[in-house]
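Here are a few exercises to work through with the model open next to you. Try each task before you read its solution.

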Amino acid sequence: MQAQDDPVTGSHPGELSRRTLRSETLLVLALSLGASGVSALISFVGSATKPGGLKDQAATLNASAAPGRPWLDLAWQLFGITTALVPVALVAHFLLREHRSLRVIGFDRTRPWPDLGRGAAVAAVVGSTGIAFYLAARGLGFNLTVVPEALPDVWWKHPVLILSAIQNSVLEEVIVVGYLLRRLGQLGWTPGAALAASSVLRGSYHLYQGIGGFVGNLVMGLVFVYLYRRWGRVGPLVVAHALLDIGAFVGYALLAGKVDWLPTA
C-alpha cells in the first residue's frame with residue numbers, strides 16, 4: 001500500500017533531498033509569483049516616487065495587447081492565459097515525481113459541490129470587505145486606482161475576462177497555498193513561518209496596486225491558509241478566488257462610468 005501523507009505539511013517527501021526540494025521551490029517561484037512579487041515591488045517604487053499621489057495613478061490589469069486588431073489581440077490574450085499556467089503544470093510534474101498528483105493538495109474534481117459551496121461563501125465575505133477596504137485605501141492615498149480591464153468592446157471580451165480570472169485563481173492557489181505550504185512543511189518550516197511566507201508572498205505580487213493592495217491581499221492570504229489547513233483542499237479557494245476576480249473584471253466592464261462609487265482612471 002502506498003504511504004499516505006499530510007496534504008498540508010507533506011510529511012512524506014519520498015527520496016527527495018532537502019536541497020532538491022529547496023531548489024525546486026525557488027525555481028517554481030522564480031518562474032511564477034516570486035518573479036511577479038519582484039516586478040510588483042519595482043512598479044510600486046516607480047509609482048511612489050512619481051510626482052502626484054498614488055490614487056491619481058492607475059494600475060491596469062487586463063489591457064489590450066494589440067489595439068485596433070481584435071483577432072490578434074485575442075490570440076495574445078489566450079497565449080498569455082495559457083502560458084501563465086505552465087508553472088502549475090510544472091508543479092503537477094514535480095508531484096508526480098513523488099508518486100503524487102495535484103489531488104494531494106485538493107485540486108481535483110472529487111468534491112465539486114462542497115468546493116463550490118464553500119468557495120461561494122468565502123467569495124461573498126471576502127468580496128464585500130475587499131471592496132470596502134480598496135475604496136478606503138484609495139481614498140486615504142495608499143492605493144492606485146485599479147482598472148480591472150481595458151479591453152475593446154468585442155465579442156470575446158467577457159469570455160476572456162472570465163478565463164483570466166480562472167487562470168489567476170488556479171495559479172495563485174495551487175502555488176501559493178497548496179504547493180508552497182507542502183514544500184515548506186517538507187523542509188521543516190513551522191506552521192507559523194509557512195503561514196507568514198505564503199501570506200507575504202501573496203501580498204508582494206499585489207504591491208503594484210499600492211500599500212492597500214499589499215495589506216489587503218496579505219490578510220486574504222492569512223484567511224486562505226487557515227481555510228486550507230482546516231479543509232485540506234485548495235479547491236474551495238480556487239472557486240472563491242475565481243468568483244472574486246470574475247466579479248471584479250466583468251463587474252468593472254459592466255459598471256465603469258455608470259456608477260459614482262466605482263473609481264475609474
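Contact here means heavy atoms within 4.5 Å. Keep in mind that this is a predicted model.

**Exercise 1. Work out the surroundings of arginine 233.**

Step 1: Arginine 233 sits in the loop between α8 and α9 (235–255).

Step 2: check the cover. The cut-off for buried is under 20% relative accessible area. Arginine 233 has 7% relative accessibility, so it counts as buried.

Step 3: list the partners. With neighbours within four places in sequence set aside, arginine 233 is in contact with Ile105, Gly106, Asp108, Thr110, Arg111, Asp115 and Tyr228.

Step 4: look for a polar atom pair. A polar atom of the arginine 233 side chain lies 3.4 Å from the backbone oxygen of glycine 106.

**Exercise 2. Describe the fold and the overall dimensions of the protein chain.**

Step 1: count elements. Along the sequence they run α-α-β-α-α-α-β-α-α-α-α.

Step 2: box it. Along the principal axes, the C-alpha atoms fill roughly 60 × 35 × 30 Å.

Step 3: look at burial and contacts. Of the 265 residues, 45% are buried. Take the contacts between residues at least 6 apart in sequence: 78% of them join residues at least 24 apart.

**Exercise 3. Which residues make the nonpolar surface patch?**

Step 1: collect the members. Phe133, Leu140, Phe142, Ile211, Val215, Val219 and Val223 make a patch of about 590 Å².

Step 2: find the main contributor. Helix α8 (residues 211–231) gives the most, with 4 residues.

Step 3: zoom in on one member. Leucine 140 is in the loop between α5 (112–139) and β2 (145–150), and at 60% relative accessible area it is exposed.

Step 4: Leucine 61, in strand β1 (residues 58–63), has a relative accessible area of 29% and is partly exposed. Beyond its neighbours within four places, leucine 61 is in contact with Val146, Val147, Pro148, Tyr208 and Phe249.

**Exercise 4. Trace some of the salt bridges.**

Step 1: Side chains of opposite charge can pair when their charged atoms come close. With a 4 Å cut-off from side-chain nitrogen to carboxyl oxygen, the count is 11 salt bridges.

Step 2: start with glutamate 98 and arginine 183, whose side chains meet at 2.7 Å, N to O. Glutamate 98 is in the loop between α4 (86–97) and α5 while arginine 183 is in helix α6 (residues 157–186), so the pair ties together parts 85 residues apart in sequence. Glutamate 98 is buried at 7%, and arginine 183 is buried at 0%.

Step 3: widen the view. Glu24, Arg97, Glu98, Arg182 and Arg183 are linked in a salt-bridge network.

Step 4: Glutamate 172 bridges to arginine 202, with the closest N and O atoms 3.8 Å apart. This pair links helix α6 to helix α7 (residues 191–204), across 30 residues. Both glutamate 172 and arginine 202 are buried.

Notes. Residues numbered from 1 in each chain as written. Predicted model: local features only at pLDDT ≥ 70, side-chain atom pairs only at ≥ 80, totals over all residues. Heavy atoms only, no water. Patch = residues over 30% accessible without salt bridge, like charges linked within 9 Å, V, L, I, M, F, W, Y side chains within 5 Å. Areas by Shrake-Rupley, 256 points an atom, 1.4 Å probe, with all protein chains shown as cover. Helix = DSSP H or I, 4+ residues; strand = E, 2+ residues; numbered from the N terminus. Buried < 20%, exposed > 50% of the residue type's maximum accessible area, 1.4 Å probe, protein only. Polar contact = N/O pair within 3.5 Å; in protein donor to acceptor, adjacent residues only side chain to side chain.
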